[in-house]
Structures are given as structure tokens and as C-alpha cells.
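Work through the exercises below with the sequence and the 3D view at hand. Try each task before reading its solution.

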Amino acid sequence: MKKLLTMNELTLTEIERILHEAECFANGSSWNPKQQTTVANLFFEPSTRTKTSFEMAERKLGLEVIPFDAGTSSVLKGETLYDTVKTLEAIGVNALIIRHEQDNYFDELNEKIGIPIINAGDGCGNHPTQSLLDLLTIKQEFKSFKGLKIAIIGDVRHSRVAKSNAEALTRLGANVVFSGPPEWFDRTNSLGRYEDIDHAVATSDVVMLLRIQHERHIEKYDQANGDYLKSFGLTKQREKNMKPDAIIMHPAPINRGVEIDSDLVECSRSRIFKQMENGVFIRMAVLKNVLEQSEGGNTNENSNQKWSIAR
């Protein structure tokens, strides 16, 4: 695994290996490259969870982190993404983590950059590390994905999380359904059928809510009128109808009282903060894998345990 741009490029064996290694990190295992290794986090969109989660993962692995602020960089002078990335490669950065508002921004970098790139989210396209941390959270709960029903509810059309999760969960044997406002349905996504929200919530093992992606809407959606929660959100009444062992997930940031009733964010079914916790371990595992595969990585690792083959 020399890079991570989409979930589709990962084999099922690689997915299982990353989940297993993330669990090892969660249980106290450690891994550090013996040589000094430097990474840079290029975030061209606002981010709290993903950016800080990557930074925490990098520091736990003993990596040097180059500070990069798009708002004070040469991007403001017209520098292209390619030239920014090429500059960081030239000065000796070993890997790049990039979030960008453009779908498939990595197409212009592929085959031209010699260091690993980890996609931290591209427009409405992909969010592979979020998908992996979601998979880890589901696996911790149910042990397997086969036969589970996962309801992905909300702004499906504009959500990179919905696309990445639908791809991965379907391949792993889960049954994915979508729900939400019809105008936000993604008619190009054939990986899951659409269901009425009350039926989807009542019959699913995982109720995965999505943030309304206001920044990607042409017409502003008025979330202040309370209609969204009543029509398409997780209300207290809908939560009462969930299956006894079903869980609630949300990639956050959360619009309390819009996508989910505020009282349910930290209820016993909620795994929202567990998702955030798992994000650090997943990103440690992803960084370990791409750095091991980069030149010299395999021969310079320093680990306190033998990493077993994926189960």
C-alpha cells in the first residue's frame, strides 16, 4: 500500500489488515520508523476532527510534522496544488496528507509525485480514513459485516463519507440502504436502495447520520425551521423504534437538533465519540502501511511487536 486515495483501491485483505493493526495500536502496540520521517498536512478545507486526528496519529508514531497553512501559503499567490506538493517533496517531506474541495484532486498528482499521498477528503468524492474508522467501530460492535443492515441517512448526494462507506460495506457483505430528502438522493449510486426513514431506522443495525453539506449546496438549506429533524433526522421517537442492539453513528461535525436530537448525541446507543477515538488508531495504521512501503521503510521500522497477517 503505497498511497491511500479511495476505498476501492484497497483489497479486502488490506482493509482487514488496517483494521487489525488499528486495534493493535488501540491496545497499546507501537511502531516508529527508525529514520527521521517528516509529513505535511495540507488542508485546503476547514477540519477539526480529521486534521487533529492525523496530527495525533503522527505524533504517536514519532513523525516530524511540517506546519502548513493554506491561508498563508503561496496558494494565495496563485500556486497550483501540483506545484505546492512538488515543492514539499523537493524539500524532503516523506508523505503528504491532503484535503481539498475538488473532487479527485489527486488525479493531477498521480504518477507525478514520488512520495505517498493519503487522501483526507476530496470534495464530494472520497474519505477513505473516515470510512476505515467507521468500519473499525462497526466491527468492534458486531465482529463481522456480513448480513448487517446499515442505513446511511441525510445529504447522501454531497457526502464523500456516504460514497466511501457504501463501497466498502457492500464489498464486506453488509446491506446498505439510503434515506433522506429526495432532492439529495444520489441517483448515480447503485450500491444501495432508498427507504423511508422510519422503516430504515427501525430495521437497521447501524443508523449512520450525515451532516448537511451546506458548503456544497447551490441553494442554501434553512436548517433553523426544525423541519429537517422532524422529517429526516433521528428524533427521540425514532430512536425508541430502533432494534435493541442497533447503534448510532455520525461522521461529525454534528448539527445538534438538525440531523439528530441533541439528547441522543451521547446516549448509550451513540458511537459518535468512539468513532473519533478510533480515527487516531486507524490513521496510525494507514501511516504505518504507506511508510513501510515507501523506499527504505521496510528495512528501517522499529516495532515492539510482530504484526500478524490480517485475519
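This is a predicted model: local features need pLDDT of at least 70, side-chain atom pairs count only at pLDDT 80 or more; totals for chains, interfaces and linings use all residues.

Residues are numbered from 1 along each chain as its sequence is written, and side-chain values use heavy atoms, with hydrogens and water left out.

**Exercise 1. Strand E2**

Task: Find how many residues of strand E2 (residues 38–43) are buried, and state which way the side chains point.

Solution: Begin with the terms. Helices (H or I, at least four residues) and strands (E, at least two) are DSSP runs, numbered from the N terminus. Buried means under 20% relative accessible area, exposed over 50%, and partly exposed in between (1.4 Å probe, protein chains only).

Next, count: six of the six residues of E2 are buried, so the strand is largely enclosed by the rest of the structure. Then sort the directions. Thr38, Ala40 and Leu42 point one way, while Val39, Asn41 and Phe43 point the other way. In a regular strand the side chains alternate between the two faces of the sheet.

Last, look for a partner. E2 runs parallel to strand E3 (residues 64–66), and three bridges join them; two strands pair if DSSP finds at least two bridges between them. Val39 has Val65 of E3 opposite.

**Exercise 2. Strand E9 and its neighbours**

Task: Which strands are joined to E9 by bridges?

Solution: Take E9 (residues 206–209) by itself. Val206 and Met208 are buried on one side, and Val207 and Leu209 are buried on the other.

Strand E6 (residues 149–153) is parallel to E9 and joined to it by four bridges, with Ala151 opposite Val207. Strand E10 (residues 247–249) is also parallel to E9, through three bridges; here Val206 has Ile247 as its bridge partner.

Finish with the loop between E9 and H7, where Leu210 is placed. Leu210 counts as buried because its relative accessibility is 1%.

**Exercise 3. Aromatic rings**

Task: Classify the ring pair of Tyr105 and Phe106, then that of Tyr228 and Phe232.

Solution: Start from the rule. Rings of Phe, Tyr and Trp (its six-membered ring) pair if their centres lie within 6.5 Å; planes under 30 degrees apart count as stacked, over 60 as edge-to-face and the rest as tilted. The count by this rule is six aromatic pairs.

For Tyr105 and Phe106, the centres are 5.3 Å apart and the planes are at 70°, an edge-to-face pair. Tyr105 is buried at 0% relative accessibility, and Phe106 is buried at 5%.

For Tyr228 and Phe232, the centres are 5.8 Å apart and the planes are at 55°, so this pair is tilted. Both belong to helix H7 (residues 227–232), where they are four residues apart, about one helical turn. Tyr228 is buried at 3%, whereas Phe232 is partly exposed at 23%.

Ring pairs also link Phe178, Phe185 and Tyr194 into a cluster.

**Exercise 4. A charge over a ring**

Task: Which residue lies over the face of Tyr82?

Solution: Apply the test: NZ of Lys or CZ of Arg must be within 6 Å of the ring centre and within 35 degrees of the ring normal. Lys112 lies over this face, at 5.6 Å from the ring centre.
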